[in-house]
Amino acid sequence: MPGHLGSASGWRGAHDGRERGSGTVMAAGLVLVVMTAMAVVLLLAQSAVLASRAATAADLAALAAADALRGITTGEPCTVASEVSARHAATVISCLQGSGQTVDVRTELNERSLLGAATGHARAGPPP
């Protein structure tokens with residue numbers, strides 16, 4: 001049959017095998033892009049959670065240190081801050097007693113992410 005597409009003399013176009021499997025390669029590439037994006041989002045979410053935990057540890061340590069500084073609780077303010085921080089899996093990096101019975105505390109979470117250590121900063125004391 002002269003006009004038959006299935007004959008050897010018919011058109012071959014995209015059916016000649018050169019593009020065979022290109023959909024699979026494209027799908028695999030798309031899956032790789034989606035998985036990479038998910039990994040980045042999860043890494044950023046983990047970092048945000050760790051930063052929040054470090055900030056919480058700093059807040060609680062600063063409040064406890066300010067209470068000790070004002071005589072509401074017993075103990076040396078920076079020692080109290082270190083103890084409270086340790087209970088929240090963090091280490092006090094710096095503890096400074098400021099003017100007006102204020103305490104400035106910086107903490108670093110003991111747990112690290114791929115993006116580094118999470119740190120927190122808090123100041124506590126009577127209002128200025």
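The side chains of arginine 112 and glutamate 108 meet in a salt bridge (3.2 Å, N to O). This is a predicted model: local features need pLDDT of at least 70, side-chain atom pairs count only at pLDDT 80 or more, and totals for chains, interfaces and linings use all residues. Residues are numbered from 1 along each chain as its sequence is written, and side-chain values use heavy atoms, with hydrogens and water left out.

Me: What makes arginine 112 and glutamate 108 a salt bridge?
Reply: The rule asks for a side-chain nitrogen of Lys or Arg within 4 Å of a carboxyl oxygen of Asp or Glu. Here the N to O value is 3.2 Å, so the pair qualifies.

Me: Why is arginine 112 called exposed?
Reply: Its relative accessible area is 52%. Exposed means over 50%, buried under 20%, partly exposed in between (1.4 Å probe, protein chains only). So arginine 112 is exposed.

Me: Why does glutamate 108 count as partly exposed?
Reply: Its relative accessibility is 26%, so it falls in the in-between class.

Me: How many salt bridges does this rule give?
Reply: Two. Glutamate 111 and arginine 53 also meet in one, at 3.1 Å, N to O. Glutamate 111 lies in strand E2 and arginine 53 in helix H1, so the pair ties together parts 58 residues apart in sequence. Helices (H or I, at least four residues) and strands (E, at least two) are DSSP runs, numbered from the N terminus.
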